[in-house]
Protein chains: 2
Amino acid sequence: MKKHDQDFMKQQNRLTVFEIIKHNQPISRASIAKQTGMSPTTVSRIVGELAERGYLLESEQVSVGLGRRSTLLEMVDASVLSVGVELDRHQMIVGIVDIQGNVVCSGKYPRSAEESPDATLKLIGEKINQLTLLHEIDGNRVIGIGVGLPGIVDNDAGVVVFSVQLGWKNVRLAERLKEITGYEVVVDNELKVKALAEHLKGATKGSSRTALLGFGNGVGSAFIFEGEIYRGKTNSAGEIGHTTVDPNGMMCDCGKAGCLQTYINISSLLSEANKIRPMRTIEELFEARRAGERWACYLIERALMYIAITVNNVVCMYNPDSVILSVELADKYPEVYEEIEELCMSRFVWEPLRESFSIFRSELQEQGVMIGSGLLSQIKLFELE
Amino acid sequence: MKKHDQDFMKQQNRLTVFEIIKHNQPISRASIAKQTGMSPTTVSRIVGELAERGYLLESEQVSVGLGRRSTLLEMVDASVLSVGVELDRHQMIVGIVDIQGNVVCSGKYPRSAEESPDATLKLIGEKINQLTLLHEIDGNRVIGIGVGLPGIVDNDAGVVVFSVQLGWKNVRLAERLKEITGYEVVVDNELKVKALAEHLKGATKGSSRTALLGFGNGVGSAFIFEGEIYRGKTNSAGEIGHTTVDPNGMMCDCGKAGCLQTYINISSLLSEANKIRPMRTIEELFEARRAGERWACYLIERALMYIAITVNNVVCMYNPDSVILSVELADKYPEVYEEIEELCMSRFVWEPLRESFSIFRSELQEQGVMIGSGLLSQIKLFELE
């Protein structure tokens, strides 16, 4: 067997043991071995690794029935903490989460759009220090940092390849933030970690195929398959914003015409709206629609139709059991969700698949990216070191 | 741990042992246990199961170095055979394949479009008997039948839910064919098994994310992720034919407007062509284009553009390392592949992903569905019984 495959198997075994303890605690070593088919030696080695890191509690307990004493294992939830960061154009959220994804503390901070990567990363470091001091958190229990942001991220290398919203290109974020803070750092696309958080702790717990669709400054999707983020070859899976929905459509900043995002994202909608009258926020556009201005009705209804088309196209491709809609562009107009669901089910979703999935709204709301980033940095521990 | 999870783990362990022997033979039981971390008991149980079915050869060999005798295990390739069937509107292919997917023998037979399911299944039974007699194949070595066909298939239940091409609805194919032949039967969508075959034995061996796109009487895709068919919730993943590419487009037989397939599939193209002049085959349309008839050029070039758009949309969603084009509609005009690749790379594929994948043509050609169906029926053995 190749070295790579052996490492992969070790990693799989470690994850399996971890998950079994998490969901069946308290549990004995013998019971883990029996359930997994692993040898007692392998189980003991993995349990030893986990215990050494302080994730496990051992206790002597009397098993029911036989009356024999055996050592049972339990997770120590609060012993492991990590930092989650959501980085966006105009603000960032920094928080500390435990092993179950509970938020221990968090803060929201403004950020200037032109801020350099180094300035932003220093700010993150400062905010982490402030939070740990203020909430008297033992820094040794923090095992790493996860950062979620809009854009194309090379998650293996920890590099922000390209982010239109941040204006960053080829930023070695993980490396730099580790230099500043001393912690291990993982970086990922914001929708991927948000979907992970909703799957582990939010709207779609227990689902094995969740697609999350995000509509805001960009348009994108993320897919969680059997508990893991589906990444694709270059961590770009789900970039639905650049699927072509009309070859004769409007120009997209990517150089193609008729990309889906040209009909939906906030900047496109504002640019179209400004052909009629000047406005600076998407709320003004929604207000114009409420006031019954026909052009605003047209523009928003076209966007909602394309959102329903997006649901259809994603459902046809991934055939998920759950779809989470995260419609940032209609944050203040929750009734829009109902309009979208109605469009999906009455017209735009292919009939054979209409019953195959449920539509959810984000449960973790604006904390989703931060929580998902924090949890991702914990999961990374169980991958190759 | 839940019963379901325990079964899943057993199945995973069995597959792991099988794969390790297949790729590292000859190999000892102790070595398998060491490499997987499984207990010797678990390994012996699984090896026993495989040996009982005649898949393994045991031989006494002297290990290099220690000079100790140990029993080494090897796969018996030719001992296991299965039947693969491709079922289409006007013809069917029946073949027998071994454990490596080599075709032992096969035949192609006409089928009338109006034939009832029962008549077709009886015919399949007869053809299998003919092939085994003619080629003197021991029926006991045949472990099952796999059938691939166009349409929506409930692969778990072995039911053809709906096939426009065959005109079938809710046909309990697996059950009926088992009654007729006595063999275990699996059924699947043709593109899914074709992609599996290309991955195991054809154009994309070694790839871990292959998308196969099929353009012919229908339009569809299939995705192989880490060696397995990605199915989605209801085995409908990849149904790209009903993604909307133009909400103002032509009506589709599904009741929506502007589905991708309305621009590409053979019946749509012929229906459009017949508005200009009567023709019955797609070849006539291609000949009209060769003769420089402008309307034919327009129609075909629009179709090719939409094929390139399909490549883009699939690549944005799945972010594969390999894309296999299976352009049945241009079977006799292989130069069309070059046109499509040129359109993809010069215009229609989103720039950040242009370098992320390679485009292949089908290697197994018209045998792909049959080989894939046969291999699928073997793989099923390692799933829950």
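This is a predicted model: local features need pLDDT of at least 70, side-chain atom pairs count only at pLDDT 80 or more; totals for chains, interfaces and linings use all residues.
**View 1. A negative patch with residues from chains A and B.** Four glutamates make up this surface patch: A:E226 and A:E228 from one chain, B:E226 and B:E228 from the other. Zoom in on B:E228 and you'll find it in strand β14 of chain B, which covers residues 228-229. Its relative accessible area comes out at 48%, so B:E228 counts as partly exposed.

**View 2. A nonpolar patch on the surface of chain A.** The members here are A:V161, A:F162 and A:V164, and together they put about 230 Å² of accessible area on show. A:F162 belongs to strand β9 of chain A, residues 159-163. With a relative accessible area of 37%, A:F162 is partly exposed.

**View 3. Helix α10 of chain B, end to end.** This helix runs over residues 294-318, 25 residues in total. At 1.5 Å a residue it should span 36 Å, and the C-alpha atoms at its ends do sit 36 Å apart, so the two values agree. Of those 25 residues, 22 are buried, which means that α10(B) is largely enclosed by the rest of the structure.

**View 4. A methionine out in a loop of chain A.** A:M251 sits in the loop that links β14 (228-229) to α7 (261-264) in chain A. Its relative accessible area is 60%, and exposed means over 50%, so A:M251 qualifies as exposed.

Key. Residues are numbered from 1 along each chain as its sequence is written. Chains are lettered from A and ligands numbered from 1 in the order in which they are written. Side-chain values use heavy atoms; hydrogens and water are left out. Patches are made of residues with over 30% relative accessible area and no salt bridge: like charges are joined within 9 Å, nonpolar side chains (Val, Leu, Ile, Met, Phe, Trp, Tyr) within 5 Å. Accessible areas come from the Shrake-Rupley method with a 1.4 Å probe; for residues, only the protein chains shown count as cover. A salt bridge is a side-chain nitrogen of Lys or Arg within 4 Å of a carboxyl oxygen of Asp or Glu. Lys and Arg count as positive and Asp and Glu as negative; His and the chain ends are not counted. The place of a charge is taken as NZ of Lys, CZ of Arg, CG of Asp or CD of Glu. Helices (H or I, at least four residues) and strands (E, at least two) are DSSP runs, numbered from the N terminus. Buried means under 20% relative accessible area, exposed over 50%, partly exposed in between (1.4 Å probe, protein chains only). The expected span of a helix is 1.5 Å times one less than its number of residues.
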